[in-house]
Amino acid sequence: MKTAKNKKELKLLFKDNYLSMIENACGSKMWANAFCLVKGKKQDVLDNGSVSCAYFVSSVLKLFDLIQRLHFTVLGTEKDIRESGWKEIRISSKMPAGSIIIWEKELSIDKNRKKEFHYHIGFYIGKEKAVSLWTYHNFPVIHHWTYNNKRKIIKAYWNSKIKN
């Protein structure tokens, strides 16, 4: 294996690494839990991955310095996305890979059988495929970008910093 003699010979391919991390996250349970003190008691605020989509997306974006901080909610993530220079784009199968997509609210039931409606957020990876941490999995998965026409995408965002 060859190594670079001079670090100046290496050029990090930002977009390739960004997209690789998104796809390689599939199957990882590292975003399933986030423990916080709630009213003095330790609590997993992500309910073992059932509401982890924003945490997954914001973690990847923060790692690549594309947003300011980590988030546990879609609305908080979306606000940070906009404040960090992301632009809303037209929803189409021609969106660039790495775009952020937000789906309409859907009913979910937490471990206490409490019913709530939640937005959903994930990454568009091209060819009508997306990666997101879906309620029915506690890890990211690749799936059809509209869940086979079962869920409507309501917004999409792109950041021009995602280039090689």
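Here are a few questions and answers about a predicted model.

Visitor: Helix 1 and helix 2 pack together, so how do they run relative to each other, roughly parallel or roughly antiparallel?
Guide: Helix 1 covers residues 14-24 and helix 2 covers residues 53-63, and their axes sit 11 Å apart at an angle of about 155 degrees. Angles over 145 degrees count as roughly antiparallel. The pair is therefore roughly antiparallel.

Visitor: And which class of residue makes up the contact of helix 1 with helix 2?
Guide: From helix 1 you get Tyr18, Met21 and Ile22, and these meet Phe56, Val60, Leu61 and Leu63 in helix 2. Sorted by class, that contact has no charged and no polar residues, and 7 that are nonpolar.

Visitor: Asp47 has a positive phi; is Asp47 buried or exposed?
Guide: Asp47 sits in the loop between strand 2 and helix 2, with phi at about 50 degrees even though it's not a glycine. The cut-off for buried is under 20% relative accessible area. Asp47 comes in at 15%, so it counts as buried.

Visitor: What about Asp65, buried or exposed?
Guide: Asp65 belongs to the loop between helix 2 and helix 3, and it has a positive phi too, near 55 degrees. Exposed means over 50% relative accessible area. At 53%, Asp65 is exposed.

Visitor: Over in the strands, which residue of strand 7 is the bridge partner of Ser132?
Guide: Strand 6 and strand 7 run antiparallel and are joined by 5 bridges, with a hairpin of 6 residues linking them. In strand 7, the partner of Ser132 is Val141.

Notes
Residues numbered from 1 in each chain as written. Predicted model: local features only at pLDDT ≥ 70, side-chain atom pairs only at ≥ 80, totals over all residues. Heavy atoms only, no water. Pairing = 2+ DSSP bridges. Helix = DSSP H or I, 4+ residues; strand = E, 2+ residues; numbered from the N terminus. Axes fitted to C-alpha atoms, helices over the stretch in contact; angles between N-to-C directions. Parallel < 35°, antiparallel > 145°, perpendicular 65-115°, else oblique. Contact = heavy atoms within 4.5 Å. Nonpolar A, V, L, I, M, F, W, Y, C, P; charged D, E, K, R; others polar. Buried < 20%, exposed > 50% of the residue type's maximum accessible area, 1.4 Å probe, protein only.
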